[in-house]
Amino acid sequence: MSESKSPGWMRGAQIGLGAIAIILSIYIIAFPAITVVTIIYILAIILFVVGIFEIITGIFGLGANRSRWGSVGLGVLALIIAGIALAFPVSTTYFVIILLAIALLFIGISHVIRGVGDKHSRGWARGFSIGAGALAIVLSFFIMFAPHFGAAVVGVILGIALLIIGIEIIVSGISGRKMSMMPSRGMER
């Protein structure tokens, strides 16, 4: 990563944005389940806007090489799903969490099967695969029977990630170094 000095106003903006991220992360960690419901609510609003866009695109034939009625149909479907999510955000959140738990269950089962059936890997690697799979299976059942736990876990993970990002932004602002994701010319091979 290449570094260069940031101007003073950018350093202030970084520190301010980092502080906002940390405050939001504390709120998210304190109220993780509400955060996940809020995310579902925001996604429902976005889906509502996309549905309207698809309907308009289909009616006026604005999409290139697309079925007009297909766009209208997808737009109506998006509006219906968005309406359900907006009307019942908590139930929608539980539904999404249960779908994620089912996915986690299948991932866990595949890890256990891979660990048991893989005769070419070392014993510790097979054991780790079986252990990780078993843990995923247990977590998936726990989340399916207590979806509020799953919502809380997702919220806490989001809060921790936002906290780390906020600290990183503040450190970058205090140090006065602008971090770039692109390698500098001297570091290319």
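Me: What share of the 189 residues in the chain do buried residues make up?
Reply: In this model, which is predicted, buried residues come to 26% of the 189 residues in the chain, where a residue is called buried when its relative accessible area is under 20%. The chain exposes about 12,500 Å², of which carbon and sulfur atoms supply 78%.

Me: What makes up the secondary structure of the chain, and which pattern does the chain follow along the sequence?
Reply: There are 6 helices and 2 strands, and reading along the sequence gives the pattern β-α-α-α-α-α-α-β. Among the contacts with a separation of 6 or more, 73% are between residues 24 or more positions apart.

Me: How do you know what span to expect of helix 1?
Reply: The expected span is 1.5 Å times one less than the number of residues, and for helix 1, residues 8-30, with its 23 residues, this gives 33 Å. The helix reaches 33 Å from its first C-alpha to its last, so the span is close to the expected one.

Me: Which residues of helix 1 are buried, and what covers them?
Reply: The buried residues of helix 1 are Gln 14, Gly 18, Ala 21, Ile 22, Ser 25 and Ile 28, and what covers them includes helix 2 and helix 6.

Me: How does the reach of helix 6 stand against the span expected at 1.5 Å a residue?
Reply: Helix 6, residues 147-175, has 29 residues and reaches 42 Å from its first C-alpha to its last, which is close to the 42 Å expected. Its buried residues include Pro 147, Ala 151, Ile 170 and several glycines, among them Gly 150, Gly 155 and Gly 173. Just after this helix, Gly 176 takes a positive phi of about 75°.

Me: Why is Ser 172 called buried?
Reply: Ser 172, which lies in helix 6, has a relative accessible area of 11%, and because the cut-off for buried is under 20%, the residue is counted as buried.

Me: How do you know whether Thr 92 is buried or exposed?
Reply: Thr 92 belongs to helix 4, residues 89-117, and its relative accessibility of 16% is set against the limit of under 20%, so it counts as buried. Not counting residues up to four places away in sequence, Thr 92 touches Ile 40, Ile 84 and Ala 85.

Me: What makes the pair of Tyr 27 and Phe 31 tilted?
Reply: A search of the whole structure finds 3 aromatic pairs. In the pair of Tyr 27 and Phe 31 the ring centres are 5.0 Å apart and the planes stand at 50°; because planes under 30 degrees apart count as stacked and those over 60 as edge-to-face, this pair is called tilted. Tyr 27, at 44% relative accessibility, counts as partly exposed, and so does Phe 31 at 40%.

Me: Why is the pair of Phe 141 and Phe 145 called stacked?
Reply: Their centres are 6.4 Å from each other, with 15° between the planes, and since pairing asks for centres within 6.5 Å and stacking for planes under 30 degrees apart, the pair is stacked. Both residues lie in helix 5, residues 123-145, 4 residues apart, about one turn of the helix.

Me: What makes Phe 145 exposed but Phe 141 partly exposed?
Reply: The limit for exposed is over 50%; Phe 145 has a relative accessible area of 71% and is therefore exposed, whereas Phe 141 has 39% and counts as partly exposed. Another residue of helix 5, Phe 128, counts as exposed at 64%.

Me: How do you know that Tyr 41 can belong to a nonpolar surface patch?
Reply: A patch takes residues with over 30% relative accessible area, and Tyr 41, in helix 2, residues 32-60, has 40%, which makes it partly exposed. The patch of about 850 Å² includes Tyr 41, Phe 48, Ile 52 and Leu 62.

How values were computed. Residues are numbered from 1 along each chain as its sequence is written. This is a predicted model: local features need pLDDT of at least 70, side-chain atom pairs count only at pLDDT 80 or more; totals for chains, interfaces and linings use all residues. Side-chain values use heavy atoms; hydrogens and water are left out. Buried means under 20% relative accessible area, exposed over 50%, partly exposed in between (1.4 Å probe, protein chains only). Rings of Phe, Tyr and Trp (its six-membered ring) pair if their centres lie within 6.5 Å; planes under 30 degrees apart count as stacked, over 60 as edge-to-face and the rest as tilted. Contact means heavy atoms within 4.5 Å. Accessible areas come from the Shrake-Rupley method with a 1.4 Å probe; for residues, only the protein chains shown count as cover. Patches are made of residues with over 30% relative accessible area and no salt bridge: like charges are joined within 9 Å, nonpolar side chains (Val, Leu, Ile, Met, Phe, Trp, Tyr) within 5 Å. A salt bridge is a side-chain nitrogen of Lys or Arg within 4 Å of a carboxyl oxygen of Asp or Glu.
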